[in-house]
Amino acid sequence: MREDVTLQCSECKEQNYRTSRERSAGKKLQLKKYCPRCRKHTVHRESK
Ligand SMILES: [Zn+2]
């Protein structure tokens, strides 16, 4: 079972990426990705 998640910039709160992951993973995703609004790499967290 896969779950769609949105990855949100932790600095400006822009939702920049959509991805899917295994539902069984109990912890929240947290990835460093490029944010076009901040124009740099920031920590992105999953949001719903
Ligand atoms: Zn940002």
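Reader: How many helices and how many strands are there in the protein chain?

Author: Helices (H or I, at least four residues) and strands (E, at least two) are DSSP runs, numbered from the N terminus. In this protein chain there are zero helices and four strands, and the pattern read along the sequence is β-β-β-β. Please keep in mind that this is a predicted model, in which local features need pLDDT of at least 70 and side-chain atom pairs count only at pLDDT 80 or more, while totals for chains, interfaces and linings use all residues. Residues are numbered from 1 along each chain as its sequence is written.

Reader: In what order do the four strands form the sheet, and what is the sense of the pairing?

Author: Strands of a sheet pair through backbone hydrogen bonds, either parallel or antiparallel. Two strands are taken to pair if DSSP finds at least two bridges between them. Here the four strands form an open sheet in the order 2-1-4-3, and the pairing is antiparallel. Strand 2 and strand 3 (30-35) stand at the edges with a single partner strand each, so one side of each has no neighbour in the sheet. On average, and with direction ignored, neighbouring strands of this sheet are turned by 40° against each other; the axes behind such an angle are lines fitted to C-alpha atoms, for helices over the stretch in contact, and angles run from 0 to 180 degrees between N-to-C directions.

Reader: How many bridges join strand 1 to strand 2, and which residue stands opposite L7?

Author: Strand 1 (residues 2-9) and strand 2 (residues 15-22) run antiparallel and are joined by seven bridges. L7 stands opposite Y17 in strand 2, and R2 has E22 of strand 2 as its bridge partner.

Reader: How many bridges does strand 4 have with strand 1, and how many with strand 3?

Author: Strand 4 (residues 40-47) pairs with strand 1 in the antiparallel sense over four bridges, and six bridges join strand 3 to strand 4, which also run antiparallel. As examples, T6 has S47 of strand 4 as its bridge partner, and K32 stands opposite V43 in strand 4.

Reader: What share of the residues in the protein chain is buried?

Author: A residue is buried if 20 or more other C-beta atoms lie within 10 Å of its own, exposed if 12 or fewer, and partly exposed in between, with the C-beta atoms placed from the backbone. Buried residues make up 10% of the 48 residues in this protein chain. In strand 2, the number buried is zero out of eight residues, so this strand lies largely in the open.

Reader: What separates the C-alpha atoms of R37 and G26, which are eleven residues apart along the chain?

Author: For R37 and G26 the separation of the C-alpha atoms is 29 Å. R37 has its place in the loop between strand 3 and strand 4, and R37 counts as exposed because 12 C-beta neighbours lie inside 10 Å. When neighbours within four places in sequence are left aside, R37 is in contact with C9, C12 and E14.

Reader: Where do K13 and R39 lie, and what is the phi of each?

Author: K13 lies in the loop between strand 1 and strand 2, where the hairpin has five residues between the strands. Phi of K13 is near 70°, a positive value in a residue other than glycine, and K13 is exposed, with 10 other C-beta atoms within 10 Å. R39 lies in the loop between strand 3 and strand 4, and its phi, near 60°, is likewise a positive value in a residue other than glycine. R39 counts as exposed, with 8 C-beta neighbours inside 10 Å.

Terms used
Contact = placed C-beta atoms within 7 Å.
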